[in-house]
Amino acid sequence: SFSITYKKYVLSVREKSGVGLVKRNLDYNDVSLVLDPTLLLKKSDYLVLCENVSVKQSRYLCAYILDLSDEKINLIRRIADRKNLELRLFTAHDKLSLSVEEWLCNFRDASFVVTDSFHGTVFSIIFEKNFIVLPNEDRGADRFVSLLSVFELSDRIYKENEFKEDEIQWDKVNEIILSLREDSLCYLKKNING
């Protein structure tokens with residue numbers, strides 16, 4: 001048998017499900033939910049990074065897909081056609097080498113986003129883009145569910161040909177982000193400073 005003493009440790013997680021996992025599997029109740037680090041910066045912070053990349057003038061659907069399949073490609077094409085948008089598909093495995101700034105600008109300039117990536121989802125939210133998430137079971141669907149439920153965007157998850165495409169109420173989402181960002185930064189400052 002072995003045991004761990006957590007009294008001197010501070011635990012935080014970025015998913016609601018992680019809070020339960022720590023409590024259940026480690027028998028430790030002092031665990032905090034904090035934002036993913038990418039959400040600790042504001043949209044304006046990322047826009048500064050993008051200043052030297054020209055804004056794409058055409059209207060397009062940005063599809064950032066980690067695990068390509070014929071089914072996903074067909075769905076993305078149908079959505080792009082229905083929305084009358086050019087399709088720009090890129091993956092983490094592309095031989096194209098995008099700079100961080102170029103990668104960010106794919107989201108900045110998109111008219112709509114479809115992604116199976118957690119951070120593709122995050123940057124859709126940061127740049128206030130309407131989006132659909134294709135849950136990625138192999139990469140941890142709980143992360144998507146947790147993130148989207150926190151921001152009251154669970155209806156953005158694609159389920160058997162059902163998904164929501166209408167405009168997201170960004171004022172409401174941004175209020176939640178602002179509150180959680182403040183809480184997360186306070187938590188970090190408090191625990192980094194002892």
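Author: Helices (H or I, at least four residues) and strands (E, at least two) are DSSP runs, numbered from the N terminus. This is a predicted model, where local features need pLDDT of at least 70, side-chain atom pairs count only at pLDDT 80 or more, and totals for chains, interfaces and linings use all residues. Residues are numbered from 1 along each chain as its sequence is written, and side-chain values use heavy atoms, with hydrogens and water left out.

Reader: Where is confidence lowest, and where is it highest?

Author: pLDDT is the predictor's confidence in each residue, from 0 to 100. The protein chain has a mean of 87, with 92% of its residues at 70 or more. Strand β1 (residues 11-13) is lowest, at a mean of 75, while strand β3 (residues 60-64) is highest, at 97.

Reader: How many helices and strands does the protein chain have?

Author: There are 7 helices and 6 strands, and along the sequence they run β-α-β-α-β-α-β-α-β-α-β-α-α.

Reader: Which residues in α5 and α6 meet?

Author: From α5 come F118, T121, V122 and I125; from α6, R143, F144, L147 and L148. By type that is 6 nonpolar, 1 polar and 1 charged (Ala, Val, Leu, Ile, Met, Phe, Trp, Tyr, Cys and Pro count as nonpolar, Asp, Glu, Lys and Arg as charged, and the others, Gly among them, as polar).

Reader: At roughly what angle do the axes of α5 and α6 cross?

Author: Axes are lines fitted to C-alpha atoms, for helices over the stretch in contact, and angles run from 0 to 180 degrees between N-to-C directions. The axes of α5 and helix α6 (residues 141-150) come within 10 Å and cross at roughly 15 degrees. That makes the two helices, α5 and α6, roughly parallel (under 35 degrees; over 145 is roughly antiparallel, 65 to 115 roughly perpendicular, the rest oblique).

Reader: And what about α4 and α5?

Author: Helix α4 (residues 100-108) and helix α5 (residues 118-126) have axes that come within 9 Å and cross at roughly 60 degrees, which makes α4 oblique to α5. W103, L104 and F107 of α4 touch H119, G120, F123 and S124 of α5. That contact divides into 4 nonpolar, 3 polar and no charged residues.

Reader: How many aromatic pairs does a search of the whole structure find?

Author: Rings of Phe, Tyr and Trp (its six-membered ring) pair if their centres lie within 6.5 Å; planes under 30 degrees apart are stacked, over 60 edge-to-face and the rest tilted. The search finds 9 pairs. One of them, W103 with F123, is edge-to-face, at 5.5 Å centre to centre and 90 degrees between the planes. W103 lies in helix α4 and F123 in helix α5, so this pair ties together parts 20 residues apart in sequence.

Terms used. Contact = heavy atoms within 4.5 Å.
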